[in-house]
Amino acid sequence: MSIKRALVSVSDKTGIVEFCRELSNLGVEIISTGGTKNLLAKEGVPVIGISEVTGFPEILDGRVKTLHPAVHSGLLAVRDSAEHQAQMKELGLDYIDLVVVNLYPFQETIAKPDVEYEDAIEISTSAGRPCSVPQPKTTLSSALLWTRRTIRPY
């Protein structure tokens with residue numbers, strides 16, 4: 001399977017610019033959210049904002065952005081299913097071949113002596129990134145968990 005589109009959404013952005021620049025040099029279209037998108041654009045890496053894909057703005061302080069059929073259909077569609085292929089084509093949806101995410105730094109957040117209860121709850125209830133991780137495993141696309149030390153294929 002060749003990688004044509006990647007969804008990139010990371011809180012720890014260490015090394016992500018270089019990684020995405022290489023993806024782009026290989027012809028991969030990069031879709032990204034909020035701060036990751038802004039950083040990539042600032043660094044000159046071609047990037048498409050998630051709102052361009054969904055046709056819907058990021059809302060509720062960025063809590064809702066990737067949880068959208070235009071994103072998750074690209075992750076969940078079974079690529080060798082003629083029915084899925086027809087639905088994707090009919091609805092003008094595209095596959096997402098690679099997911100690059102890391103989870104919010106919950107342990108680091110709650111370890112701060114001045115952490116507010118609301119901040120700990122906010123970070124522990126994030127749904128978008130965790131929902132993106134297991135889906136590619138069932139549909140022949142790929143997921144990477146981006147960490148400070150290494151890339152971990154899922």
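Predicted model: local features only at pLDDT ≥ 70, side-chain atom pairs only at ≥ 80, totals over all residues.

A: A residue is called buried here when its relative accessible area is under 20%, exposed when that value is over 50%, and partly exposed in between.

R5 lies in strand 1, which runs over residues 5-9, and because its relative accessibility is 10%, it counts as buried. Its side chain makes a polar contact of 2.7 Å with the side chain of E29, and the two residues also form a salt bridge, in which the closest N and O atoms are 2.7 Å apart. Since R5 belongs to strand 1 and E29 to strand 2 (residues 29-32), the pair ties together parts that are 24 residues apart in sequence. Side chains of opposite charge can pair when their charged atoms come close.

Beyond its neighbours within four places in sequence, R5 is in contact with residues that include V28, E29, I31 and V53, and also with D94, Y95, I96, D97 and L98. One of these contacts, D97, takes part in a salt bridge with R79, where the N to O distance is 2.6 Å. A search of the whole structure finds two salt bridges.

Strand 1 also holds V8, which counts as buried because its relative accessibility is 0%. With neighbours within four places in sequence set aside, V8 is in contact with I16, C20, I30, I31, S32, T33, T36 and V100. The C-alpha atoms of V8 and V47, which are 39 residues apart along the chain, are separated by 9.6 Å.

V8 is one of the residues that touch the most other members in the largest nonpolar core, a set of 15 residues, and the others with that standing are I16, C20, L23, I30 and L40. Strand 1, helix 1 (16-25) and strand 4 (98-101) each supply at least two residues of this core, and helix 1 gives the most, with five. Apart from this core lies another, of eight residues, among them L7, V71, L75 and V99. In soluble globular proteins, nonpolar side chains tend to be buried together.

In helix 1, the buried residues are I16, V17, F19, C20 and L23. They lie on the same side of helix 1 because they cover an arc of only 165° around the axis. L40, leaving aside its neighbours within four places in sequence, is in contact with I16, V17 and C20, and likewise with I30, S32, V45 and V47. After helix 1 comes G27, whose phi is positive, near 90°.

To place this part in the whole, the chain has eight helices and six strands, and buried residues make up 39% of its 154 residues. Of the contacts in the chain with a separation of 6 or more, 54% are between residues 24 or more positions apart.

Technical notes: Residues numbered from 1 in each chain as written. Heavy atoms only, no water. Helix = DSSP H or I, 4+ residues; strand = E, 2+ residues; numbered from the N terminus. Buried < 20%, exposed > 50% of the residue type's maximum accessible area, 1.4 Å probe, protein only. Polar contact = N/O pair within 3.5 Å; in protein donor to acceptor, adjacent residues only side chain to side chain. Contact = heavy atoms within 4.5 Å. Core = buried A, V, L, I, M, F, W, Y, C linked by side-chain atoms within 4.5 Å. Arc of directions from axis to C-beta. Salt bridge = Lys/Arg side-chain N within 4 Å of Asp/Glu carboxyl O.
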